[in-house]
Protein chains: 2
Amino acid sequence: MEGFSFERLFELLEQNRLKQLRDELQEWNVVDIAEFLQELSVDKLLLIFRILPKSLAAEVFAYLESDNQARIVDSISDSELSYLVEELYVDDAVDFLEEVPASVVRRVLASATPQTREVINRVLEYPENSAGSVMTTEMVEFHTRFTVKQAIDHIRKNGVDKETINTCYVINDHRKLKGVLTLRQLLLAEDDTLIKEIMTDDQQVISVTTHDDQEDVADMARKYDLLSVPVVDHENRLVGIITIDDIVDIIEEENTEDLEKMALMTPSEETYLKTTVFTHAKSRILWLMILMLTSTFTAQIITGFEEGLAAVAGLTACIPMLMGTGGNAGNQTSTLIIRGLALGELTVKDYFKVLWKELRVSLICGAALAVANFARMWLLRGIQPAGLETILVVCAAMLVAVVVAKVIGCTLPIAVKLIHLDPALMAGPMITTIVDAVSLILYFALAKAWLM
Amino acid sequence: MEGFSFERLFELLEQNRLKQLRDELQEWNVVDIAEFLQELSVDKLLLIFRILPKSLAAEVFAYLESDNQARIVDSISDSELSYLVEELYVDDAVDFLEEVPASVVRRVLASATPQTREVINRVLEYPENSAGSVMTTEMVEFHTRFTVKQAIDHIRKNGVDKETINTCYVINDHRKLKGVLTLRQLLLAEDDTLIKEIMTDDQQVISVTTHDDQEDVADMARKYDLLSVPVVDHENRLVGIITIDDIVDIIEEENTEDLEKMALMTPSEETYLKTTVFTHAKSRILWLMILMLTSTFTAQIITGFEEGLAAVAGLTACIPMLMGTGGNAGNQTSTLIIRGLALGELTVKDYFKVLWKELRVSLICGAALAVANFARMWLLRGIQPAGLETILVVCAAMLVAVVVAKVIGCTLPIAVKLIHLDPALMAGPMITTIVDAVSLILYFALAKAWLM
């Protein structure tokens, strides 16, 4: 399937053989149809969308980008729109409504049935990135009294509209979540068994509440290998589920967010190309500014030592190398620690184990770098003048800088986690700025003690 | 469920009330039982593992860490081991065998039935990180001739041992993959329908071959929202499946690997704490060394301009700030581009769009930073002496450095992708080192033209 091209489709479109194009498209996966539509001009997109069979069109709609979704809503009739809204899963409808202009939202909600409207509105109201905001309400629910046969008949009657039937949820008269039942358990059991005898019961059911963070939902699904996670309200009443396809999206979203934070940018929800120049600039400038102003300290340190730098050949030339190596060494450590904390492989309690490991690793790395640097400076002393004592100072400073960088690189993310901030902030750029100042101070202190 | 503690279990263990402990554990999720066992000393772990009901013990085994798995294998009898091996899914057995010493592998394979041994051996032979190496062979297969009733009966008879029954695969006499059928499609169809009439047929089936990279499998599952991906050999014969829980693990593994590459470390498969000091040092030192040696160029640039630096107050003091800001600006851009490429949101073809966007973003950021820096240097000129002309040179260099950094930050990852290397290598540290040299040259050129 991979690597096919849209060529044949473009050909059919160009020759205006729409009926044949439609037949061809029906053989395709909805995701690929959506990708094909995204490549078209707006009027062609609308044309093709409207010739697709209605239920296929609704499936494809969920995979289109929000600007095209809005255009489609603008172009179709009220009855077509109302069909579309009812066909969409609640989570897809909400994803789409969160991105489009208010006028589109109003028209969509107006064409929904009162029941659908109420559900969509409820989900729209949950805080961004909460479990409630990403859940769907189309799940299969059984009453605790059901037998296996009743349950299977229930699925046969109601299952078509549900987002998943692989995992079904068992509730009591008060809609409280009492258990979970997989389709596999059902199918492997006898017809007249009571489902409460075979279900996984509440003690063992993993659930989240509507206001839990989506990241916790993803962590839980990953840890327990779940295909869907039930969402309950504060009284343990079942209100929705989050399915694994959405959880995979959450995982990628959270990973992207972590990366952006690590590069000290304000995370954005949009893709790179969709984000405007101004938004890009805004999300990047704050931290660039803060770090630039912080370098006032490094400037002050150098100013205070300017005479020393002028007096001894080779000292100034080594500043970038020392700072660069320190920054890189600290960045490696902080990256490992931040990732370990995010995946739950490390906790705050592991700090001393981590510190002890980093101390030893940094001594090995620092010593190797110092030796290599000695060789480099000695061989190049013809074109980059530096006396033996100066070279030794630089090498000692190198060793110290690497050790300090790795200690800072493992300490800050854990410290920040301890006070419940996001460790991702303590990544490369932040660590580098701090390590720069500290290693300069130590470098100059060594130089003063040894050379002056 | 979240946030419970193991306290009660520890209590029972201390009081040696093993029967009660066992009853208690049986109410728990296997993942939590494994977590509890991981907390115990080796002899307690072996003790508790052996009092668990056999099939529960086998499930828990799959979630233990490899050192504990090896200890358990060492401590149990041949017949217990043989039961354990047959109970494990092939992918879990392979995961475990890839981590433990060869002596353990030999004993495990010796106690497997010839059939199981052959399957495990075949999977063990696929290259690391290939689809074949992570697949499981326990899937439900139907023959194209089956009716819905036959298919459901087949599941009822054979389904218990399969890793998933949610998606079933349809093959012909030659084991060629002809279609895919979900349990939902089966359940919603009439008993005497032929499955080939309701299945999704080969044209639309998404599959991978045994030698495809696991990253491609994950991308495909994410794109098409699949719960499992069929793995075929070069003649399109079905040999295994990869289920979504493993795909989630692959996604996290690949994300970790990208992060480690971005911090210029050799990626490791083990967790932070399990990796030895020596391995940590080895995975970090290569790039630190290369980047340190590269800074020979920056040193040379400074050496060549040492007289100029000594003559004009304030020039040297601003070196770290310029380099730092340039590095940070480049790092932001390269992070966004690398992530965009990894998620498929950006392709090599988008380069000129990206470049145009970055040019505008960098002008806005650079100008704002230059202005802020002017204010800073002007206000601080009492303690960090610098003439007006010097300040203007630094501000101009700042603007230029930011623009150059962002251009390099978007160009290099895409260039590296173009020649089929991993864009993640062109992240922060690498970009910083290159931006350092370029921005120093431009800084000194400006200073020479303006101040000398």
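Biologist: What makes you say that the copies meet through the same surface?

Modeller: In this predicted model, 100% of the interface residues of chain B are also interface residues in chain A, so the copies meet through the same surface. Contact here requires that the C-beta atoms of two residues, placed from the backbone, lie within 7 Å, and by that criterion 98 residues of chain B are in contact with 99 residues of chain A. Helix α20 (residues 319-342) of chain B gives the most to the side of chain B that touches chain A, with 14 residues; helices are DSSP runs of H or I with at least four residues, strands are runs of E with at least two, and both are numbered from the N terminus.

Biologist: Which conventions stand behind the numbering and the confidence limits?

Modeller: Residues are numbered from 1 along each chain as its sequence is written, while chains are lettered from A and ligands numbered from 1 in the order in which they are written. Because the model is predicted, local features need pLDDT of at least 70 and side-chain atom pairs count only at pLDDT 80 or more, whereas totals for chains, interfaces and linings use all residues.

Biologist: How do you know that the buried residues of helix α12 (residues 148-158) of chain B are on the same side?

Modeller: A residue is buried if 20 or more other C-beta atoms lie within 10 Å of its own, exposed if 12 or fewer, and partly exposed in between, with C-beta atoms placed from the backbone. The buried ones in this helix are Val148(B), Ala151(B) and Ile155(B). They cover an arc of only 60° around the axis, which puts them on the same side of α12(B); the arc is that of the directions from the helix axis to the C-beta atoms. On the other side, Asp153(B) and Lys157(B) are exposed.

Biologist: What makes strand β6 (residues 228-232) of chain A mostly covered?

Modeller: Five of its five residues are buried: Ser228(A), Pro230(A) and Val232(A) point one way, and Val229(A) and Val231(A) the other way.
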